[in-house]
Amino acid sequence: MLAHLSTRPMLRRCAVTGAVGLALLGTGLPAATDSSEPDLTRFYRQKITWAKCPGEGLPKDMQCGKVTVPLDYARPKEGTLDLALARYRATGDKQGSVLVNFGGPGGAGIPQFATGGKEFMELTDGYDIVTFDPRGVGRSSPVSCGDGEENIDMAEDGTELGRDPQSVLSDLKKAADACARHSGPVLPYIGTINASRDMDVMRAALGDKKLNYLGFSYGTRLGSVYAAQFPDKVGRFVLDGVDTLTEPLTEQGVASAKGQQQALDEFINWCVQDIACPFGQDAREARKQVVRLVDSLDENPVPSAFGEPFTGQDLVGAIGQGLYSEEMWPSLERALASLVEDGDTHAIEAFAAGGAAPWRRAQTDDPEESDGPEESDGPEESDGPEESDEPDGGLVDEEDVPLDNLPAALMAVNCADDPDRPTGRQIVDGLDGLRAEYEQASPVFGPYRLTGVLMCYGRPKGTDFIRDDVKDVHTPKMLLVGTRGDPATPYRWTEETAKRLGSSAVVLDNKGSGHTGYASSKCVHRKVDTFLLYGTLPADGSSCGPEERRE
């Protein structure tokens, strides 16, 4: 079975916070070595003005700001983008900033910072902790594939596709056209190459000579690309839940489907021990029930909390988020029970809106509003980046972030990062084999993952820089954390990426389970904080045991 392919939103919007104006600072300005290179001076001379975050229910100690970057780094005078930032201020002797990316791609950093920021409070002993909504994500010129008026059905079984294989290509092209139509000018310039360049502008705007960085999941790809582009600007880097730099999307999808299926099997084995498990007490039968539930919702969706149909593929995406951490299993069990027993989608939809799920476990205390804007660390007035003749991409309001921004941005970034574009003939000829491979990997997650891979058809060819050039980086030592039981980024990717990055990579082997280690393992958390705060690295190949889980 192939999943429904639709421009209708599959993931619900998280609350995101706002940003305020800019001032000037000349810190970390790159030397002009070639007069033919575009002049980025005005972007590197920014200084961020921090202020109270707009919106209600946000942590009182979280501040918001923005930074302006070129839409196209090759033509910086032809349009700009504003990127939303948030920070928790250093409480001790400040030695700079640590920039955090929670992964995705397509995950907005600021809402995850608001709910999970307390995970990083030890680091405020020495740093401002900063996150951001990358270009095309959240409030930073969010991309979209439409609001639901263009539903594209790729068929529910292989027989129909076998009779009319051209319908697959037609639907894929319609989907790509819809995304281009609804996303605006940012879409051709989305992707990890430009996002990493944006991070270097942030580094300068934060007043740091070197970038200190903590990246999770996809954020490890982003950090690796930054290290390849700006090796002399790398400070203390931690990459947790390490992504692949070399596998094509088709292979990544299979690996992810296998990992998620393994996590689902473990969840079911746990669930059936509880009398309240909605799938009964027999694990084998419970697995079959999950597949039947997905199929049933694909054929007959139920109304969602947003008034739109909630399909089997919406359910698959939500379950996948809930499997990222064992701490979320009880909540996932209750959400599935509400769906199965009462037809209530509210609780399960909350997982679909969770972004990088490990951070949902760390809720803030009762937030209070701050007393008002904080002064910036530098000049209060600034002309900001020069205006161009092209319209600029300012921050959007929270309520205007498209409902489908996360999946739309995920597809856009993954496609922009992948140079493989099989022809229509190759897709049609290889579809049966791909479908069989993905369904063998997982009857639940396989079709979902395959659909995401096929969505790159009809889009421009992606960059080959990551696959060809992100290797043998000449940087200070970087800490790579791999988790043995990670359902999203298999441990072998940590080993492969470490080998590819070269002698700069130091591997920490987390023997536990769950997606990434920092939020769940006391040992990983301690070693990461020690490195970022004091520069002390664990020995390459050292490990953290599965028993040291964080509560």
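Predicted model: local features only at pLDDT ≥ 70, side-chain atom pairs only at ≥ 80, totals over all residues.
1. A residue counts as buried when its relative accessible area is under 20%. By that cut-off, both Arg221 and Asp243 are buried.

2. The salt bridge count comes to 21. One of them joins Lys66 to Asp82, whose closest N and O atoms are 3.0 Å apart. Lys66 is in strand S4 (residues 62-70) and Asp82 in strand S5 (residues 80-88), so parts 16 residues apart in sequence are tied together. Asp82 counts as buried because its relative accessibility is 10%.

3. Within helix H13, Asp432 and Arg435 lie three residues apart, about one turn of the helix. Their side chains meet at 2.3 Å, N to O, and Arg435 is buried at 10% relative accessible area.

4. Now to the helix packing. The axes of H7 (residues 249-271) and H13 (residues 424-441) come within 8 Å and cross at roughly 25°, which makes H7 roughly parallel to H13. Residues making this contact include Leu249 and Val254 of H7 and Leu434 and Tyr438 of H13. The contact divides into six nonpolar, three polar and two charged residues.

5. H7 also meets H10 (residues 329-342), with axes within 11 Å and a crossing of roughly 80°, so H7 and H10 are roughly perpendicular. Among the residues in contact are Phe267 and Trp270 of H7, and Trp329 and Leu336 of H10. Here the division is eight nonpolar, no polar and two charged.

Key
Residues numbered from 1 in each chain as written. Heavy atoms only, no water. Axes fitted to C-alpha atoms, helices over the stretch in contact; angles between N-to-C directions. Helix = DSSP H or I, 4+ residues; strand = E, 2+ residues; numbered from the N terminus. Parallel < 35°, antiparallel > 145°, perpendicular 65-115°, else oblique. Contact = heavy atoms within 4.5 Å. Nonpolar A, V, L, I, M, F, W, Y, C, P; charged D, E, K, R; others polar. Salt bridge = Lys/Arg side-chain N within 4 Å of Asp/Glu carboxyl O. Buried < 20%, exposed > 50% of the residue type's maximum accessible area, 1.4 Å probe, protein only.
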